[in-house]
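Open the model in your viewer and keep the selection tool at hand. Here is a short tour, one stop at a time.

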Amino acid sequence: MIHSLFLVNASGDIFLEKHWKSVVSRSVCDYFFEALERATEPENVPPVIPTPHHFLINVLRHRIYFVAVIQSEVPPLFVIEFLHRVVDTFQDYFGVCTEAAIKDNVVVVYELLEEMLDNGFPLATESNILKELIKPPTILRTVVNTITGSTNVGEQLPTGQLSVVPWRRTGVKYTNNEAYFDVVEEIDAIIDKSGSTITAEIQGVIDACVKLTGMPDLTLSFMNPRLLDDVSFHPCVRFKRWEAERILSFIPPDGNFRLLSYHVSSQNLVAIPVYVKHNISFREGSSQGRFELTLGPKQTMGKAVESVLVSSQLPRGVLNASLSPSQGTYTFDPVTKLLSWDVGKINPQKLPSLKGSVSLQTGASKPDENPTINIQFKIQQLAISGLKVNRLDMYGEKYKPFKGIKYMTKAGKFQVRT
Amino acid sequence: MEWASQLCENRGLGSKMTDSKYFTTTKKGEIFELKAELNSDKKEKKKEAVKKVIASMTVGKDVSALFPDVVNCMQTDNLELKKLVYLYLMNYAKSQPDMAIMAVNTFVKDCEDPNPLIRALAVRTMGCIRVDKITEYLCEPLRKCLKDEDPYVRKTAAVCVAKLHDINAQLVEDQGFLDTLKDLISDSNPMVVANAVAALSEIAESHPNSNLLDLNPQTINKLLTALNECTEWGQIFILDCLANYMPRDDRESQSICERVTPRLSHANSAVVLSAVKVLMKFMEMLPKDLDYYGTLLKKLAPPLVTLLSAEPELQYVALRNINLIVQKRPEILKHEMKVFFVKYNDPIYVKLEKLDIMIRLASQANIAQVLAELKEYATEVDVDFVRKAVRAIGRCAIKVEQSAERCVSTLLDLIQTKVNYVVQEAIVVIKDIFRKYPNKYESVIATLCENLDSLDEPEARAAMIWIVGEYAERIDNADELLESFLEGFHDESTQVQLQLLTAIVKLFLKKPTETQELVQQVLSLATQDSDNPDLRDRGYIYWRLLSTDPVAAKEVVLAEKPLISEETDLIEPTLLEELICHIGTLASVYHKPPSAFVEGSRGVQHKRIPARAGSGESAESSDVGQSGPSEAPPAVIPSQGDLLGDLLNLDLAPPTATVPSVQPSMQMGAMDLLGGGLDSLMGDDSDTPGGRTEVQSPQPSSDYRERELGGDIGGSPSMGAGLGAAPAAMPASLGAAPAVGGGLGDLFDLGGGVGMPTGSYVAPKTVWLLAMKGKGLEISGTFARRGGIIQMDLTLTNKAMSVMTDFAIQFNRNSFGLAPAGPLQVLTPLSPNQTIDVSLPLSTSGPVMKMEPLNNLQVAVKNNIDVFYFSCQYPLSLLFVEDGKMDRQVFLATWKDIPNENEAHFQIKDIHLNSDVASNKLQGSNIFTIAKRTVEGQDMLYQSVKLTNGIWVLAEMRIQTGNPNYTLSIRCRAPEVCQFVYLCYELVLKN
């Protein structure tokens, strides 16, 4: 089971350690530092690092490495999932998960970690339960506590801890009862030189913000549930009902949570909402290269493509770029060779383009590699897979809640090869 | 005080009030200040002081000096303060064991608190105080908490048992906590069940003897019910536990699968992967024509694909596991090739894994796509990745014949890029393609030769030289090319030198007239000017061959080479089976069996049961950490022998070797060659390959190709070695578990045997039948007693040149009636160079005849070639039965009853164990300590042993503190046994 946890910042300093069994010397992290040194990029550190007596499993989040030390055979995914949960909890409690925030709240952090894991076994990882045990710090509460001497540690056993619905506390009360659902789809795609799709898939999630009094029992049905053949549910969803009727039936947690995530695989046809025309060429013996990019909408079901951001890692030999965008602004970082172009909205009548020349270092040979173009965009009010919610009903409570559903499509890892 | 005023200031200014204030230090000395504050009367001040202490602790400062002051704050009704003090206690109790006792009272009191949260907190913290002295005070409160009315307290207490076991295992057993824990599996609350399972699993890991997780259909049913209702973490524990169960039949298997399948849709990837493990394992039992089997296969793909859209770390672990799954059941993901396509900003560790799986999934149907992708990758920035992509193209060519032409042209395109490392990798893989498809793509040789000058890596140079030598007749200036390499002969690496030597000899045999000078030059360079024995040996062999009989030399050196196999770096099947049982674990990430690398505090036990038909890896001998002969060879093969062996094997064997008569060892063969000239070489050539096997590790065919190539290009790590993640480590693991053909049986063997008694000592295997006496069959073995079953663990090695089949075994009558309890299960024919491990269960109901020595066993083994006889001696401890613990009274009576002249005295020397350890050790071999007495610093242990034939042996062992020599007195009605019992004592205590 998980023995210890070390938090390491970007400059390679351990700024927090927590041990759940006996104390493991922080020198164990030397193996991690070695791996860190070998890695070309911070994110290239291997997730599992063996040492003579331990294994180090690390995740990098918010520029902090969370390094877990384990000693016996433990499922690595178990450890990684737990570390993710730690990160989420910190973010939930402190708004951000940064070294400063953690140091500012070190005692709460310690109390949280102690509450989340006992002897390496996860104890309470649901945000609802944790918040009942340890109240999140707010400036007001800190002041009040200091004056009155009260504590930010709950004195009672959290109600959800052992109930059949551990994710929900009892006695929830709201004056405005509302339930919002966001259907967010991300397109991961690789488009080849000629513009044809090599692989495209959709990662979708339905995130919910439910503020409902009492113990509501919700059902959510879809117009086209057949799209959802590869789904991961929040534990609150009744799986049998889904299997039988393709209806999501659940008692929701209180507040924000991810109801389900789904995956529309590359075997289905995925609509690609933007296209890129590009011409990036270097000539042998010349220190100048041509650079032309034009973006256009494609299969957007009439919706506007917004917040478009194009970025590309140009070859190492590139010295500078002198380009002119038809709209938006571009930057080129001559050190990292990262070109990024903030396009904004695509106007189908007047397609945005970025044209000009790039200069190579004098004497540098024609670059071997072709840059890949990364595109980010958003399309409001559209789930590109075609998923549509049919209706949302509530049982178990008498009031009429306010319900809302929003759709959005975003680019995930959307890459165009040149 | 200073700090307090600072606090007031903060409040006055309304500035941000955060915990960072706890880090501010004062000039006077922090500890001193804190001490004063901790002893303050004001509650609030106390709490703030404890917070400061905790803050210091988190950054690794030593604040243990404040122990008494902090513990004084423990008696409080302020829960936050209590928690903080507990946090402190857990960290420092160990360093202040005497002080820690101060805390005991509060724990005991808190365990009675009306608030379940406080009861749980107390029991939780108690277990974390890792101080031996106080653990016994904690037993009573823990016992109460295990039976608490509140499930929250019970589930916390369950974990506490595991903690306590880690500190003092004996205590936990004596107090009966393990039984209570087992009862909790039937608890009404699913969380309690999950925690009980988790605790038991953890204890079982360090406690192989106990049958802790005794899984039967009833408990399985309870677990499956709890599975639906407990938290995600609990689900992982339960699924991992389920994976150890062995269903009785396919119907039970199916019903478990059906109930586990919904877990595949869980949001927690660890739950998903644990569920995949259970399904992959239980699927083995389902008949393939069952509809459900097909449904299940289909259901497995989507969750695996989904794992790949998660964060990169999760992807990495998922990919390592998918790599196993794809090898075991390629059909699951055969249509999902595209999800493994690499995104340019994937971390390198994800890229490399994806690439590996792409090649495994490559087939005629998708090869075009795959090749286009690989070509794309070959132009990326990351050098490691590019190299691997180029090699992957070569692997595709070898795997999918239809694509070979396209692969070659892709490789040629890449060579045109002139990117140095791309060219070198391409040449290395083209050499493999030539090996696979001889006389097909030689037209590209000209292009390759153009790049000769840019090659600076040994592997690429060696590959190029091999190509030039192999096709010397088609390359007009082959002699010039090779000569150019010869200039810097002594600066080249061994690999290149060996290759150059062979290539020039080949050239000479093909174009003898114009290259005489060249060959003489290289032979003298290799033999006279080199210090490298491999090179010298190879040079001498060629020299003699050439000078004595050029025709024979031609036959030998230019012999047709065996084709290389399609799939390289596949994980050896037995290991794969084991790893499938460990999906989701560290073992699956490293593709090594858990025993090979997880050190843990006590080591991890193999999950398997003994003696299922035909299986039986080298069994416990490797577990116990003995370097038995089955394990040693891979490690100790000297590279010299390897290379020379390769050479002989490759170049001599195919045309001539027919009759296997294995006699001289490797060394002898080589000596003859050098001393006796060509005659002996030709005379011995059929022996030498046999001799070669003497040093060859018992590796099955997956190694075959590598070896062949190794011989050819001088021991270079072949393509497979470069690509596969593990090959470098594989031989070791293969050596440890070399059984082949165990198949399905093994899979279940691995699964079922949690908590198998493995305590008894098992001697390392010794060679019983030498290959030269067994017409090529070598048998080594040992005896073991596992869970009351006597087993003979055999390793059969075929060192002859032909396949062996039809194995059978028989024993001569012997002193204790040992006889095989079943036939010798060697299911598959034993092919040359193959090694198989077999466990033969023995019974004691055979015919009895007194042997000399008493423990002598005469064995006959038959195969399709002949019947072989050998004799071996078994340790008498084999016959010590499990119920050999005599009642005290009976012991006393019996002791007196046996005449004094039947008593034998022995000295066991040089044992540095205390009496408890010794007694524990002996108990592992069924020598039971009945009573212990301490007289004047001398421990007297009274022990009893019962043999399978009902003979009782009583012993008294005297241990004097500080004296490494034990005195042993043994009484038995059959005095001739005493000597052998003594030998067992010695064996057990010394190992």
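Start with a pair across the two chains: select Arg124(B) and Glu115(A). Their side chains meet in a salt bridge, N to O at 3.2 Å. Keep in mind throughout that this is a predicted model.

How many salt bridges are there between chain B and chain A? The count is 10. By class, the side of chain B that touches chain A has 52 nonpolar, 22 polar and 29 charged residues.

Now widen the selection to the whole interface. On chain B, pick the 103 residues in contact with chain A; on chain A, the partners number 98. Between them the two chains bury about 8,800 Å². Carbon and sulfur atoms account for 58% of that area.

Next, select residues 312-328 of chain B. This is helix 18, with 17 residues. From first C-alpha to last, helix 18 reaches 24 Å, close to the 24 Å expected at 1.5 Å a residue. Is helix 18 of chain B largely enclosed or largely open? Of its 17 residues, 15 are buried, so helix 18 is largely enclosed by the rest of the structure.

Last stop: Glu936(B). Find it in the loop between strand 10 (928-935) and strand 11 (938-946) of chain B. Glu936(B) is exposed, because its relative accessible area is 77%, and the cut-off for exposed is over 50%. Glu936(B) and Gln960(B) are 24 residues apart in sequence, and their C-alpha atoms are 8.9 Å apart in space.

Technical notes: Residues are numbered from 1 along each chain as its sequence is written. Chains are lettered from A and ligands numbered from 1 in the order in which they are written. This is a predicted model: local features need pLDDT of at least 70, side-chain atom pairs count only at pLDDT 80 or more; totals for chains, interfaces and linings use all residues. Side-chain values use heavy atoms; hydrogens and water are left out. Helices (H or I, at least four residues) and strands (E, at least two) are DSSP runs, numbered from the N terminus. Buried means under 20% relative accessible area, exposed over 50%, partly exposed in between (1.4 Å probe, protein chains only). Contact means heavy atoms within 4.5 Å. Buried area is the accessible area (1.4 Å probe) that two parts lose on being put together, summed over both. A salt bridge is a side-chain nitrogen of Lys or Arg within 4 Å of a carboxyl oxygen of Asp or Glu. Ala, Val, Leu, Ile, Met, Phe, Trp, Tyr, Cys and Pro count as nonpolar, Asp, Glu, Lys and Arg as charged, and the others, Gly among them, as polar. The expected span of a helix is 1.5 Å times one less than its number of residues.
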